[in-house]
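Here is a short briefing on one protein model. Look over the sequence and the structure first, then read the points below.

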Amino acid sequence: MLMDMSTVDPINRTLNAEFKFRCHHDISCFTKCCSRKSIILTPYDILRIKDRLGISSGDFLEKYTYTYIDEETSHPYAVLKTMDDNEEKCPFVTPAGCSIYEDRPSNCRYYPVGQGIMIVDSDKGPIKEEFYFFIKDPNCLGYQGDREWTIGSWRIEQGADLYDEMNREWKEIQLRRNTSEQSKLTPNKQAMLYLASYDIDKFRKFVFESKLLDILEIDKEEVEKIKTDETALMKFGFKYLKYILMLEETLKVRGEYKKGEHSHEAEGFGSAI
Ligand code: SF4
Ligand code: SF4
């Protein structure tokens, strides 16, 4: 658990929850929220930031992140490194504010709101439900402001709705802890979860330079799309992860690889890498 739970308001909220908040350049706490934070990155965060910086996903991960492994599930997460100064500042904060503002991560967009996803019972059986909560850091003076929001209107104003759409299936994968009896991943699956989630340039090589596309039944149109469209490749990665983690039958293996002379290759593919 990376979040400072002492600042979390423990009530789960919906998009209709109301709050007052105003954050602006002249506030005395300006950019104070950009220090001493462990910001878990999402796959779409990394796509946006590495494209903005004009570097590969591998270089971004190496320079700006460290890996946090969840003890319970063994899921790996990329966390934004802070700078090696007394204030442990985010590497992208400047006196004028966030230097990557238009491409800032989802967690920064939502702040002072936090969000999560859980499985709840319903008449139709277990369903996935997104929930929200307030983060009340005493150093953040924004709550003293008078601008009225709902979590829904804040989410749209900050552009977090697009990030949710992009990351939804990845977040569903993180619910695996509630659906799988085997909570820990094998080292190969753990490595593939990291690769397909975060290192899109290396994942592209894996998709196009291995036998994966021979083994799987995938539409030609989809193959063409993932060649050039990074977000489509990212979403294909989520489908692939759901398949190899046995969460959903999102993909199909071609008949000739199910049995017979090639079955060992399909098995190798099933355990990933
Ligand atoms: S009001 Fe809160 S969110 Fe805005 S700059 Fe200050 S600490 Fe950060
Ligand atoms: S990415 Fe931008 S908004 Fe987020 S912590 Fe860093 S400087 Fe602040």
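In this model, 17 residues of domain 1 are in contact with 19 residues of domain 2; contact means that C-beta atoms, placed from the backbone, lie within 7 Å. The model is predicted: local features need pLDDT of at least 70, side-chain atom pairs count only at pLDDT 80 or more, and totals for chains, interfaces and linings use all residues. Residues are numbered from 1 along each chain as its sequence is written, while chains are lettered from A and ligands numbered from 1 in the order in which they are written.

- Helix 1, helix 2, strand 3 and helix 5 each give two or more residues to the side of domain 1 that touches domain 2. Helices (H or I, at least four residues) and strands (E, at least two) are DSSP runs, numbered from the N terminus.
- That side of domain 1 has ten nonpolar, five polar and two charged residues. Ala, Val, Leu, Ile, Met, Phe, Trp, Tyr, Cys and Pro count as nonpolar, Asp, Glu, Lys and Arg as charged, and the others, Gly among them, as polar.
- Domain 1 covers 5-177 and domain 2 covers 185-270. These bounds come from an automatic or database domain assignment.
- The C-alpha centres of the two domains lie 28 Å apart.

**The core**

- The largest nonpolar core has 42 residues. Such a core is a set of buried Ala, Val, Leu, Ile, Met, Phe, Trp, Tyr and Cys residues joined through C-beta atoms within 7 Å. Buried means that 20 or more other C-beta atoms, placed from the backbone, lie within 10 Å of the residue's own.
- Helix 11 gives the largest share of this core, seven residues.
- I46, A78, A196 and L241 have the most contacts inside the core.
- Beyond its neighbours within four places in sequence, A78 is in contact with L41, I46, L61, T65, T67 and Y198.

**The hairpin**

- Strand 2 (residues 65-69) and strand 3 (residues 76-80) pair in the antiparallel sense over five bridges. Pairing takes at least two DSSP bridges.
- Y66 stands opposite V79 in strand 3.
- Six residues lie between the two strands of this hairpin, and S74 in the turn has a positive phi of about 65°.

**The ligands**

- The shell around ligand 1 includes C23, C29, C33 and C140. A shell residue has its C-beta atom, placed from the backbone, within 6 Å of the molecule.
- Around ligand 2 are residues including C34, C90, C98 and C108. This shell has eight nonpolar, no polar and two charged residues.

Methods. A residue is buried if 20 or more other C-beta atoms lie within 10 Å of its own, exposed if 12 or fewer, and partly exposed in between; C-beta atoms are placed from the backbone. Two residues are in contact if their C-beta atoms, placed from the backbone, lie within 7 Å.
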